[in-house]
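Colleague: I am new to this one. Could you walk me through how to read it?

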Amino acid sequence: MAEEEFDLIVRGGMLVDGTGTSRRRVDVGVRHGKVAEIGRLDGRSAREEIDAEGLVVAPGIVDAHTHYDPQVTFDPVAAMSSYHGVTTVLAGNCGFSVAPTRTSDRAYVQALFAKVEQMHPSAMDAIDWDFETFGEYLAAREGRLGVNLACYIGHSNVRRWVMGDDGSSRPATPAEVEAMAQVVADAMAAGAAGLSSSHAPSHLDGDDRPVASRLADHDELLALAGAAGRAGPGTIAYLPESAIGGITPDDEDLLIELGRRSGLPVVIQGLGGRNKVDAPTATWDRAQAFLQRARAAGAPVYSILIARPPDRPLRIDENCFHYLSVPSWGAMLALPHDERVALLRDPAARDELRHAVENYNRDPDQGTTTPPPLWTTVTVAHVALPEHEKLVGRTIADLAAESGEAPADVMLDLALAEDLATEFRWSWETDEWAAAVAEAQLDPHMLIGTSDGGAHLARDDGADWSSWFLRHWVLDRGVWSLEEGIRQITGYPAALLGLADRGTVEVGKWADLFLFDPDTIDAGRKEFVRDLPGGAGRFKAWPIGVRATIVNGVPVIVDDVPTGATPGQVARPSREVPA
């Protein structure tokens, strides 16, 4: 009978539903984009069926920290995150979103994203500017998304909208703060996921000035957070000034006040570490005391945890953006190949480069303070000459200790000997890092993820974090059971972010599904390709063991191939129980 038919049946898989309850071998029937039945659906028909025998059927992953808001205007599936099971992305983080943007400010916003998030200018030229206000941006995405999109309104954009270029040079007047609060309230009413802001010293705009939100005093930030909370629901995403260097007591007090003023959960980065690449438990005792204090005040703070160590190819060429806090290296890398080779052979230039990495910039007034690849974390990955094969797998620090030479000379001399064809590998995973992340992720106030999807495309955006997490933390190391590990990246973030109709596979909820083989699931391989508009390049991370990513009941990625479907929706936090 017609009423017994489904649009899709996923048959014979092991359902791990995102609630934390035990797995079940059942079928999932989907009708009108939602889960209609879970159970034995033998003899029931559907327009489309997927054989999930031997596969885990999980909810689609909810990624709470991305910068896909520009990219989804020309890439509906938010590649590469959707290839790794992500069905809902939260964009507009770090205080800047693609909207609101006046027509006259488009070039400024494009340059901002290009600078802070290393999005190639030619790719930014592909943005479909079919909006100005935040509400117009969300409305224009409906019917044109391959994944579900939630988006913060960025504080820097709000300042630019109200204050123009003055937003990058001075504090706001009371009248301007009031006007900004109204912009935030309007965005929340349109479906914003909350407010994002940043005082991080590493955030500079395309003119090398602090991003506009860094010019805001705390009273302004609190006023906008209050406006967001009154219009809520949602979250406040904030990067404190001390996020790179260790959260200070003053910033701890500010975070608690943000929670009090807004009534919303506050999501930060960097808790427990001394910098963004530090082991997250370097200052863990103090961090836990702060989390307990925030919880007692009824103003909970959550910190996004980088659970997948960045693992990035590195060559001495113009596509290397890992040394932005080392000006001499940045200038060297930007040179054409022949000029770069000549510079590296110049003794005076080498004197300047030799110890620059160890002495990277730590002054936020001089530019980014994000640490570069340090010698203990850089290994020789691939060599061009057979006589260098014995060096593969060795760290630069070890080779320097063995030879008695400066680490920079070891690396640069090897690269020069191979006409800069040597490929190195920068991995944050040390024994200390692994032990720290294993401990930190168990704290209920740590939010597992941090892909930065859509950003840092020339240095690896981390979009493969979910596959890596499942392979290494859940299935191999057993830090989590399969049920709880999946809940941590599906049901838990959906609940925290207020996305009540997503994150679990339950009757009546949207059918966002992720099908993978538990025996083989892994982050897979990376390759640098030039497939973005204008020939811009990026690293793409291809997963292993992923069968399908299904959004609102429609497959969007099957066996690593996009179907071309665009069933995604704007995901808005809801005060109401899903119908």
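Modeller: Start with burial. Buried means under 20% relative accessible area, exposed means over 50%, and partly exposed lies in between, with a 1.4 Å probe and protein chains only. Helices (H or I, at least four residues) and strands (E, at least two) are DSSP runs, numbered from the N terminus. In H13, the buried residues are Pro407, Ala408, Asp409, Val410, Met411, Leu412, Leu414, Ala415 and Leu416.

Colleague: Where does the model come from, and how are residues numbered?

Modeller: It is a predicted model: local features need pLDDT of at least 70, side-chain atom pairs count only at pLDDT 80 or more, and totals for chains, interfaces and linings use all residues. Residues are numbered from 1 along each chain as its sequence is written, and side-chain values use heavy atoms, leaving out hydrogens and water.

Colleague: How much of helix H13 is buried?

Modeller: Of its 11 residues (407–417), 9 are buried, so H13 is largely enclosed by the rest of the structure. In the protein chain, 61% of the 579 residues count as buried.

Colleague: How many helices and strands does the protein chain have?

Modeller: The protein chain has 17 helices and 23 strands. Its radius of gyration is 24 Å, close to the 25 Å of the globule rule for 579 residues, so it is as compact as a globular protein of that length. That radius is taken over C-alpha atoms; the rule is 2.2 Å times the number of residues to the power 0.38.

Colleague: What should I know about backbone angles?

Modeller: Most residues other than glycine have a negative phi, and most peptide bonds are trans. Here, Asp419 follows H13 with a positive phi near 55 degrees. Leu420 has a positive phi too, near 65 degrees. Leu420 sits in the loop between H13 and strand S16 (423–427), and is buried at 4% relative accessible area.

Colleague: Which peptide bond at Pro233 is cis?

Modeller: The one joining Gly232 and Pro233, with omega about 5 degrees. Another cis bond joins Ala79 and Met80, with omega about 20 degrees. Met80 is in the loop between strands S6 (61–63) and S7 (86–91).

Colleague: Is Thr549 buried or exposed?

Modeller: Buried, because its relative accessibility is 0%. Thr549 belongs to strand S21 (residues 546–551). Contact means heavy atoms within 4.5 Å. Not counting residues up to four places away in sequence, Thr549 touches several residues, including Ser82, Leu513 and Ile557. Its side chain also reaches the backbone oxygen of Ser82 at 2.7 Å.

Definitions and conventions: Polar contact = N/O pair within 3.5 Å; in protein donor to acceptor, adjacent residues only side chain to side chain.
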